[in-house]
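Trainee: May I ask for a close look at one loop of this protein, and then for an account of how other parts of the model are arranged?

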Amino acid sequence: LLIFGYLFVIDEVSTIPAKKMRRITFLSNSKHIMNKSYEDVIHRMATHLRDEPSRVFEFKDDGRPIIHTFFNSLRSKKTNRVLRIDAAMIAVWKHAWSLAGWNPRVLGLEDAEKFPGFENMYEAVTAIHPKMSGDRYEIMCYLRYFAMAAVGGGYMSDYDVIPSYMPADVYGTLPNNGNFTSYSGHVPALLSGRGDEWERVARRLIEEGTKRQNDYRIFSDMMALREIVLKKEIKVVRPLPIIDSVLELERHEPISCDYIRNYRATHISHKFITHGGFNMHHRPVVMAEAVQTFHTACGGPDFFDTAKMELGLLR
């Protein structure tokens, strides 16, 4: 929540300096960005995820449609706590999707390990490229598809993807008869499918990656997904219902609900952040502020007040 601008800063405040807000007007106009009163809220929301990594993966089925993400669970070597920026982004991701009517669930390696024959799949992934065995990040990117297959499929987004206009009561049912679907082209930012479809795609990604064993660099899951998209082996929703550029938002300011309703989600990617003139540590802040902007335009609940209510700080 913007509140998260302070979350990963116990020793250094990570609010967005005014000089950095040259690109996105709605951020420079925000009443939250420079509001120091949110520091305590941020600290409280950060602590339980940072200090108790197992709580990142806590999940209770409450009957709402589920939106998944996959977390690599990399931790600080010094403290064994979840990295501060990851804790912030996951907390923002969870709250944003919950406000849209979804039940957010964070998957991890333990979920992928429940896939039948996981050991063989793990070996196949590490054999994609000579450098793969030493790159935990790339391994996990491939294994997340098996995690989704193991839990029966559904929707999955990266945890830097927040809903623009994707209410669960409208989009909660899998489209295209559950066939594997991408909402962001070959970028695996927002995907959906039945469990067997996630398994099919997971195996196909390995096949495509293995074909490029002699490449200088690792053939990532995104590159492999691009090959599958080009071969039309999965459904791609077009026009792409995802905002992936800060310039796109800038062109449509002031943001209206009519505009937002054309997009299901917004991907606050590395490119989004750098093109906006921000430091990567500002990413959770931008995610939260974007959600607040969309809610303001469409009459949704206040992102920050609801977060404070969950913490018992606002009644």
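**A loop and its surroundings**

Mentor: Asn177 has a relative accessible area of 70%, and it counts as exposed because this value is over 50%. Please keep in mind that the model is predicted. Asn177 belongs to the loop between α7 and β5, where α7 covers 168-171 and β5 covers 181-182. Asn176 lies in the loop between α7 and β5 as well, but with 31% relative accessibility Asn176 is partly exposed. The backbone deserves attention here. Most residues other than glycine have a negative phi. Asn176, however, has a positive phi, near 55°, and Asn177, also not a glycine, has a positive phi of about 60°.

Most peptide bonds are trans. The bond from Arg238 to Pro239 is cis, with omega near -5°, and Pro239 is found in the loop between β7 (235-236) and β8 (242-243). The bond from Glu253 to Pro254 is likewise cis, with omega near -5°; Pro254 is in the loop between α10 (246-251) and α11 (257-260).

We may now turn to the aromatic rings. A pair of rings is described by the distance of the centres and the angle of the planes. The model has 10 aromatic pairs. One of them joins Phe57 and Phe71, with centres 6.2 Å apart and 35° between the planes, a tilted arrangement. This pair links distant parts of the chain: Phe57 is in the loop between α2 (39-51) and β1 (66-70), and Phe71 is in the loop between β1 and α3 (84-99), 14 residues apart. Phe57 is partly exposed at 28% relative accessibility, whereas Phe71 is buried at 2%. Another pair is formed by Tyr145 and Trp198, whose ring centres lie 5.8 Å apart with planes at 45°, so this pair is tilted. Tyr145 belongs to helix α6 (residues 136-150) and Trp198 to helix α8 (residues 195-210), 53 residues apart, and the pair thus links distant parts of the chain. Both Tyr145 and Trp198 are buried. Ring pairs also join Trp97, Trp102, Tyr155 and Tyr183 into a cluster. In a contact of another kind, the charged end of Lys131 sits over the ring of Tyr216, 4.1 Å from the ring centre.

The elements giving two or more residues to the lining include β3 (153-157), α9 (221-230) and α12 (270-275). The largest share, five residues, comes from α6. By class, the lining has 16 nonpolar, 10 polar and 10 charged residues.

Val285 is in helix α13 (residues 283-298) and is buried, at 1% relative accessibility. The C-alpha atoms of Val285 and Val92 are 8.6 Å apart, although the two residues are separated by 193 residues along the chain. In helix α14 (residues 303-310), the buried residues are Phe303, Phe304, Thr306, Ala307 and Lys308. The N-terminal end of α14 is capped by Asp302, with a side-chain oxygen 2.7 Å from the backbone nitrogen of Asp305.

How values were computed: Residues are numbered from 1 along each chain as its sequence is written. This is a predicted model: local features need pLDDT of at least 70, side-chain atom pairs count only at pLDDT 80 or more; totals for chains, interfaces and linings use all residues. Side-chain values use heavy atoms; hydrogens and water are left out. Rings of Phe, Tyr and Trp (its six-membered ring) pair if their centres lie within 6.5 Å; planes under 30 degrees apart count as stacked, over 60 as edge-to-face and the rest as tilted. Helices (H or I, at least four residues) and strands (E, at least two) are DSSP runs, numbered from the N terminus. Buried means under 20% relative accessible area, exposed over 50%, partly exposed in between (1.4 Å probe, protein chains only). A charge sits over a ring if NZ of Lys or CZ of Arg is within 6 Å of the ring centre and within 35 degrees of the ring normal. A polar contact is a pair of N or O atoms within 3.5 Å; within protein, one must be able to donate a hydrogen and the other to accept it, and residues adjacent in sequence count only if both atoms are side-chain atoms. Ala, Val, Leu, Ile, Met, Phe, Trp, Tyr, Cys and Pro count as nonpolar, Asp, Glu, Lys and Arg as charged, and the others, Gly among them, as polar.
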